[in-house]
Amino acid sequence: MLLEVEKVQKTYASASGPVTILNGVSFQMNAGETLALTGESGSGKSTLLHIAAGLEAFDAGSVRVGGTDLAQMNEPARAALRRDILSVVFQQFNLIPSLNVAANIAFQARLAGRVDPDWIATLTERLGLQDFAGQYPEQLSGGQQQRVAIGRALAARPKLVLADEPTGNLDEATGDAVMDLLLDLVASSNAGLLMVTHSERLAARLDRRLHLRRGALAP
Amino acid sequence: MIRPTLQALMSHWRAQPLQCLTLILGLALATALFSGVQAINSEARSAYAQAADAVSGPGAVLERADGAPIEQAQFISLRRAGWMVSPVIEGRTRISGTQIRLIGIDPLTAPQGSRAGQAALSQEDGTGFLSGGTLFAAPNTAAGLPDAQNIRAIEGLAPGLVFADIGVAQEMLKRPGEFDRLLLADEQPLNRPQLAEIAPELQLRTGGTEGDLARLTDSFHLNLTAFGLLSFAVGLFIVHATIGLAFEQRRAMFRTLRALGVPARLLVTVLLAELGIFAVTAGLIGTGLGYLIAAALLPDVAATLTGLYGANVDGSLTFRANWWLTGMAIAILGTAVASTNSLQKLARLPVLAPAKPRAWVMASDKTALLQAGLALALLALAALGVIFGRGVVAGFATLGALMIGAAFALPMILRLCVGLAARVAKNVKPQWFWADTRQQIPGLSLALMALLLALATNIGVGTMVSSFRLTFTGWLDQRLASELYLRASDAEQAAELQTWLAPRTDAILPLINTEIEILGRPAEVFGIADHPTYRDNWPLLERLPDVWDRVATGQAILINEQLSIREGLRTGDTLTLGPDWQAEIAGVYSDYGNPRIQILLNTDAMDARFPDLTALQFALRVPPDQTQPLMDALNEKFDLGPDAVIDQASIKAFSLEVFERTFTVSAALNILTLSVAGFAILTSLLTLSAMRLPQLAPVWALGMTHATLARLELLRAVLLAAMTLIAAVPLGLALAWVLLNVINVEAFGWRLPMYLFPTAWLILAVAALGAAVLASLWPAWRLYRTPPAHLLKVFVNER
């Protein structure tokens, strides 16, 4: 099993008292599977994705990535998990502005110590970024930046890709093109994909779909 | 993992070369000022140590209590009795027409550690010293005597001195069979007889020239060090601001790196390495610049030390590892101090913390309140220091609390003023301008604090120096009332001179002095005649009625201000001067520049107390137009040394020159500190300008032109600098007051009246506003030239 989420609880403190974001969420994901996570704003989608990535702590339940319990991991171990097993594609791209496109794509693979120049060249070409390799993020359009972010996430050949509304900032045509590419590349690297999206149309293109409502999975 | 992380972090600096430059330059400038001052101190202290090593070694010396020469027979008796002593003779003479200070030593008996003694015995250097009359001098001193054939340059000797074998020196000084003191070796035979049995007229004095000079000049060096530290603190403001900004700008990058799998600890470690690279680079540049500053200022410092304390310091700078290492250490330490806060924040930062730069430019009300509280606490501490503090260290601590407290209070004062202006403003443009200015204050506050410190120091030190100059000039007129001052070589010549001078002068006023111990401290005793010269001119700070009549009876004395302050003595008190000697204090006089305690008594009383003393120095009263002819006649008639007769104008000119040179260093450091503060403003404005686009873009989009925005940026910098200047005036005056009434009294033992010099403030205001305009010109120009596309990005990108 690639990802096992079991009865996960998450509560935030707020001025008006504690707010429950996730309330006993459970699901599983197999290797190579693609899963859409949908729900209204504030339903807890991004929080669940961040918890799965080890970016955020949870209050109760368990999360296992590749059989390893995140609750048992300290900060360096969770950082190693993000380097070695999974990759995150952020809605806001989060590229390193002072590195050029080529360096941004290769960055996570270099962090993980798994640089495969042929694979990176293939990725760059498939993403249509070969002519922009020397440019910097601020010189690219939103769609190009998102393609760089996808390339970076896949360059280290992760087992699991976590994507937080990867096309949320793009127009429909560009979003579709980016999505085609993401699904194709994930399939060719046999990685799993857990993607948060608001789009019913995009969600329908994935193997399975989970819908969150007020912190719980809707039946 | 380390390499790509470091590369990613460093890529920020490649993209922001200007920020990188300001960070390195800020730290380098701070280090330069501090290490420059340290280099000067280190050079001077080394010169004292060399003087001590070369002349007396680290040990004690034997001297005659009455200051008379030691006979050769006494030396021989001591050696025969087992005392390990070595003779020294010292005096001034001329070589090839140049006056020098000659030291005669005996290399065979000189204590270990005497550089000249060692050189004389070495095969390489020693040839001719013992037998052929070869003289030794430091390379620079030897170079100043090009006509002398028999001088050898020896590295490591004290500057300004020429060394000769004792016999050669006695001959050159025309003092055969005489010594001035005997050096004691560290190790002496245990069974040697008591000194009182063999040479009762000799007394033991521990501590060499080095100790005396170091003690005398401590306050001077403390002042320099305080200046260096102040400059360094101002520089640290720049570094703190730049590092803080660099951290805030990279928050998004840190978040991304963490999200991509870089552990927090590794990130902090790599950032530390990055800062280490900066610190070392800036340290190397800073110590290099510091060396140049020291080389430029050292001649003035050397002249000051020679003039004020008689300490010989070479005007040229030697590279010393200790100050270089101190400079590097201070650069690294400064970087560590400036970055601790940012690193701590980063270590605690949650992975998903907001990426927008905020804290640096948007200080919360809570922070402002905390700062204000700290400011009040420090100012209260400074007030307590003024009331209850004692000692130089307490004085400087008071100054520190005052300056830092005022710096912390500045943002609060500026916010209040700008808030008030915003409330008064009626039109929309001024309202926006003031509101925007208020928002800029947290981002600019560090640079403005640096400016406040630099301006206040300028005003404070300027007020002190000018007050001192005014007082000192008046005091010189009072103290140097006689037209001519004369020194005889011996009692016989003194008698001849008096006889010859009697019909040619209005008055001959003998000046007799000796040393005694008062309340456990060495003190100078001067005998002065009962004469209108003193009655009409002597600078008395406190006096009893009929003060001069009381002194004339021999029952009352005058004491200098240093003695009065140190021992809490006032007029009317009785002072014990010896077992059967008590005198009433009839007056207290100012005695600027003298580090020692001193008393004056009537010449007759002096003769009665010290019958063996002969007056060798005289003050002469002559009509002013007769001064030069009398000097010429004296030199023609008598075999007087070159400095034996000197006129009042020359002494005054010399004293004033010493005074001016003393404060040349302060003035230079003042200007440098102000430049560093100006640089701090430039740094802050430049780095803020990029972050300000989200605030300016909407205003631009609503119809304000580039040119208007640029003009307002310029106006803002000038207004904030002007407000800081207004705040700096009372702070500077408070600083001057503490310097004159606390530090000066504790360090030197005298108090000075404080005068105000508004013209100097006006000049400073022009300089400060000019610096603000210069510092804001470039950022304003950059804003003016910002392409609309950059401003538009604000509306499409997350920043």
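## Starting with burial

A residue is called buried when its relative accessible area is under 20%, exposed when that area is over 50%, and partly exposed in between, using a 1.4 Å probe and protein chains only.

What you're looking at is a predicted model, where local features need pLDDT of at least 70 and side-chain atom pairs count only at pLDDT 80 or more, while totals for chains, interfaces and linings use all residues. Residues are numbered from 1 along each chain as its sequence is written, chains are lettered from A and ligands numbered from 1 in the order in which they are written, and side-chain values use heavy atoms, with hydrogens and water left out.

## A sheet in chain A

Chain A has an open sheet of six strands, running in the order β6-β7-β8-β3-β9-β10 with mixed pairing. Its edge strands are β6 (86–89) and β10 (216–217), each pairing on one side only. Strands here are DSSP runs of E, at least two residues long, and helices are runs of H or I, at least four, all numbered from the N terminus. Two strands pair if DSSP finds at least two bridges between them. Strands β3 (residues 34–39) and β8 (residues 192–196) of chain A, for instance, pair in the parallel sense over four bridges, and Leu35(A) stands opposite Leu194(A) in β8(A).

Helix α1 (residues 45–52) of chain A packs on this sheet, touching β3, β6, β7 (160–164), β8 and β9 (208–213), and its direction makes about 150 degrees with that of β7(A). Helix α5 (residues 142–155) of chain A packs there too, touching β6 and β7, at about 175 degrees to β6(A). A contact means heavy atoms within 4.5 Å. The angles run from 0 to 180 degrees between N-to-C directions, with axes fitted to C-alpha atoms, for helices over the stretch in contact.

## An enclosed strand in chain B

Chain B has 26 helices and 20 strands. Take β19 (residues 617–621) of chain B: four of its five residues are buried, so the strand is largely enclosed by the rest of the structure.

Strand β11 (residues 484–487) of chain B runs antiparallel to β19(B), joined by four bridges, with Arg487(B) opposite Gln617(B). Strand β12 (residues 507–518) of chain B is also antiparallel to β19(B), over five bridges, and there Leu509(B) stands opposite Ala619(B).

## Where the chains meet

The contact takes 23 residues from chain B and 20 from chain A. Together the two chains bury about 2,000 Å², 61% of it on carbon and sulfur atoms; that buried area is the accessible area (1.4 Å probe) that two parts lose on being put together, summed over both.

There is one salt bridge between chain B and chain A, meaning a side-chain nitrogen of Lys or Arg within 4 Å of a carboxyl oxygen of Asp or Glu. The side chains of Arg258(B) and Glu75(A) meet in a salt bridge, at 3.2 Å from N to O. On the chain B side, α1 (2–15) and α10 (251–259) each supply at least two residues, and α1(B) gives the largest share, seven residues.

## Salt bridges within the chains

Over all chains, the structure holds 20 salt bridges. Asp116(A) forms one with Arg157(A), their closest N and O atoms being 3.5 Å apart. That pair links distant parts of the chain, 41 residues apart. Asp116(A) is partly exposed at 27% relative accessibility, and Arg157(A) is partly exposed at 43%.
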